[in-house]
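This briefing looks at two sites in one protein model. Please view the sequence and the structure first, then read the points below.

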Amino acid sequence: MLEKIVSGITATGKLTLGNYIGSIKNMIKLQNDYEQYIFVADLHALTTYIDPKELIENKKNIFALYLACGLDPQKTTLFFQSDVPAHSELNWIITTITNMGELSKMTQFKDKSQNIVKQDNKTEIIPTGLFVYPALMIADIILYNPKAVPVGIDQKQHLELCQKIVKRMNTKYHLNFNEPKPIIPKIGNKIKSLVNPEQKMSKSDKNANASIYLLDDPEVAYKKIQRAVTDSENKIYISEEKPGVLNLLTIFASLKDISIEEAEKHFSNKTYKDLKEEVGEVVKQFLIEIQKKYQSYIQNIDEIAQAGAKKANKIASENLLIIQKAFGLK
Ligand code: AQP
């Protein structure tokens, strides 16, 4: 029997190149060797306010982009999180074995809640859902009892908490669920904003120039790369002191499937103008290819999503029942 893998992407916005390089690319590789469950995390998207119409759009776009990027429904079970009610049910159980102290240490909670407070200057309006987000994520994972979870580096802390909670649950309730390991790509586990290369490229960034969206007009994407913030040295080499240049080298290496050192060598006697033109061209061609496939999938996701939810519901409800029995609920 194949080992299981599970992962998802939150439907908070349009997918970025960071989501592809940091997460989807690994899912595509793993689907050949694992029994893989990949979902669109629509319940997670509710943790900060989102217009319902926008959520519906985001869900469809992400699902079709999973397919367009290369997730094959014959190999990977694809579904919407809210189509599998066990996620919400197990979430409650997980909150009862997760401590407030553990949740308040999560960097993502600190960053996102600070942003909310900055906007409205009130701490009491931080949604409880944002605080317990990792508990739902732990539930999402345990339901499929995977060996590993492919994610970018920003999700490592949540995965570590997941391992800790699974261990606690196993000990306290005499269960035997896997403590899942993160699978983090060597290249591109944290693609940076094009406007501020100290920060992560993020789908909810308000500045559209900071991110390459997978559904960006390819010409617009090309221009965003030409305007990407670098530095004034005009010498191309790998250095943490040059985050803008390193980010462009990383994008190039990942999309060309070469190492960063090979990318550095390729650009060694070239200028920033050359770097931006070549990276822009690679990104543009990548988007053209993805978007062609996207058009053929966007009208046809319902059947695939229903079949995926059916399969996910089966395994999720079996594992939920094991946990409910162990906790004395059944
Ligand atoms: N910039 C990035 N570089 C590499 N990996 C990234 N991921 C996200 N941004 C980058 C990875 O993509 C997956 C998406 O996870 P998510 O949507 O559930 O949460 P996230 O990490 O918070 O992603 P975003 O795009 O930054 O969303 P918002 O703006 O809603 O917070 C994860 O595996 C993540 O590591």
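How do the residues of the shell around the ligand divide into nonpolar, polar and charged? The model is predicted, and in it the shell consists of 5 nonpolar, 13 polar and 5 charged residues.

**Residues around the ligand**
- The ligand is surrounded by 23 residues.
- The closest of them are Thr-12, Asp-154, Ser-202, Lys-203 and Ser-204.

**Polar atoms at the ligand**
- Ser-204 has a side-chain N or O atom 2.4 Å from an oxygen atom of the ligand.
- For Thr-12, a polar side-chain atom is 2.5 Å from a ligand oxygen atom.
- Thr-10 also has a polar side-chain atom by a ligand oxygen atom, at 2.6 Å.

**Cover and contributing elements**
- On its own the ligand has 630 Å² of accessible area, and the protein covers 97% of this.
- Strand S1 (4-10), helix H1 (17-30) and helix H6 (107-120) are the elements that each give two or more residues to the shell around the ligand.
- Of these elements, H1 gives the most, with 4 residues.

**The second largest pocket**
- The space in the second largest pocket is about 320 Å³.
- This pocket is lined by 14 residues, and those closest to its centre are Lys-190, Lys-192, Glu-240, Leu-246 and Thr-250.
- Helix H11 (residues 243-256) supplies the largest share of the lining, 4 residues.
- By type, the lining has 6 nonpolar, 4 polar and 4 charged residues.

Definitions and conventions
Residues numbered from 1 in each chain as written. Predicted model: local features only at pLDDT ≥ 70, side-chain atom pairs only at ≥ 80, totals over all residues. Heavy atoms only, no water. Near = heavy atom within 4 Å. Polar contact = N/O pair within 3.5 Å; in protein donor to acceptor, adjacent residues only side chain to side chain. Areas by Shrake-Rupley, 256 points an atom, 1.4 Å probe, with all protein chains shown as cover. Nonpolar A, V, L, I, M, F, W, Y, C, P; charged D, E, K, R; others polar. 1 Å grid on protein atoms, 1.4 Å probe; cavity = no way out; pocket = protein on both sides within 12 Å on 5 of 7 lines; lining within 4 Å. Points joined across faces, edges and corners; volume = space filled by probe spheres on them.
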